[in-house]
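Good morning, colleagues. Please look at the model on the screen while I go through a few of its local features.

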Amino acid sequence: MDLLEVEKVSKTFNQNGVLMPVLKEISFRVREGEFIALVGPSGSGKSTLLRILNGLIPPTQGRVLYQGKVLPSVNLDSAMVFQSFALFPWLTVLGNVELGLEARALPEHERRKRAIHFIEKVGLDGFEEAYPRELSGGMKQRVGLARALAVEPKLLCMDEPFSALDPLTSLTLREEVLMLWEDKSMPVNTIIMVTHIIEEAVFMADRVLVLSPHPGTLVTDIAIDVPRPRDRKDPVLSEFSDRIFSLMA
């Protein structure tokens, strides 16, 4: 079943009277349960496309359909994890995770119960009353992930979620995100992730969508038909990475 349909989506920004095309006639579909990675060089509009898919900004032309219906604004069935963590420094871990639930008008006792559940899911139990300044980068991103998961989205969008972290922490979090995605008790089973690291895309995703720069167009849609769990050193994954790199270069 198609969860998302992207039909000839284009985006142009007006910068001081100058029209800047960022995306041009991008079309693809996302089936429920898939893990999709968006890659491309700087300036290919990856993050812009992710925000359009999430309903945070509208396309200039074309349309996005969610479960067969045109997406009119922010998709309340989706949630976003940002590169910069996007935590509120004056709120505790618990407060940050509860925030999205408060915006959806959940009763306080339900907010608290659900927030604590997902804080435990991402391995931060015991840090509920800590503030962002007291956390490492990896822990901050776990808070961002717990906040996104707490609204129980059907679609999780991630914008370069590991790029601000050290290599070892990035590696650990990739594995944990995959475990959460494969966990049948979790509400989210469809993920779209923007990354500039080709190896990360190939290791994690079912399909990798490659964008061209200035403006971004869809160069190719590559299925990573490698069984899970995957070995990062698998030569087949290296072949996929080399193929994608050559397309981007």
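Against which helices do the buried residues of H2 pack? They pack against helix H3 (108–121) and helix H4 (137–150), where contact means heavy atoms within 4.5 Å. Helices (H or I, at least four residues) and strands (E, at least two) are DSSP runs, numbered from the N terminus.

Before I continue, a word on the source. This is a predicted model, in which local features need pLDDT of at least 70 and side-chain atom pairs count only at pLDDT 80 or more, while totals for chains, interfaces and linings use all residues. Residues are numbered from 1 along each chain as its sequence is written, and side-chain values use heavy atoms, with hydrogens and water left out.

Helix H2 covers residues 93–103, and its buried residues are Val93, Leu94, Gly95, Asn96, Val97, Glu98 and Leu101. Here buried means under 20% relative accessible area, exposed means over 50%, and partly exposed lies in between (1.4 Å probe, protein chains only). After H2 comes Ala105, with a positive phi near 65 degrees.

I turn to the aromatic rings. Rings of Phe, Tyr and Trp (its six-membered ring) pair if their centres lie within 6.5 Å; planes under 30 degrees apart count as stacked, over 60 as edge-to-face and the rest as tilted. By this rule there are two aromatic pairs. Phe35 and Trp181 form an edge-to-face pair, at 5.4 Å centre to centre and with 90 degrees between the planes. Because Phe35 belongs to strand E3 (residues 35–39) and Trp181 to helix H5 (residues 167–182), this pair ties together parts that are 146 residues apart in sequence. Phe35 and Trp181 are both buried. Phe88 and Trp90 have ring centres 5.1 Å apart and planes at 55 degrees, so their pair is tilted. Phe88 is partly exposed, at 31% relative accessible area, whereas Trp90 is exposed, at 58%.

What lines the largest cavity? The residues are Val81, Gln141, Leu145, Met158, Pro161, Phe162, Leu173 and Val177. H4 and H5 are the elements that give two or more residues to this lining. On a 1 Å grid over the protein atoms alone, a cavity is a set of points where a 1.4 Å probe fits but cannot get out, and lining residues have an atom within 4 Å of a point. The search of the whole structure finds one cavity of 30 Å³ or more, and the volume of the largest cavity is about 40 Å³. Grid points are joined across faces, edges and corners, and a volume is the space filled by probe spheres set on the points.

Finally, the backbone. Most residues other than glycine have a negative phi, and most peptide bonds are trans. The bond from His214 to Pro215 is cis, with omega near -15 degrees, and Pro215 lies in the loop between strand E9 (207–211) and strand E10 (218–223). Arg228 and Pro229 are also joined by a cis peptide bond, with omega about 0 degrees; Pro229 is in the loop between E10 and helix H7 (235–248). Lys8, in strand E1 (residues 2–15), has a positive phi of about 45 degrees and is exposed, with a relative accessible area of 55%. Gln67 has a positive phi near 50 degrees and lies in the loop between strand E4 (61–66) and strand E5 (69–70).

How values were computed. 1 Å grid on protein atoms, 1.4 Å probe; cavity = no way out; pocket = protein on both sides within 12 Å on 5 of 7 lines; lining within 4 Å.
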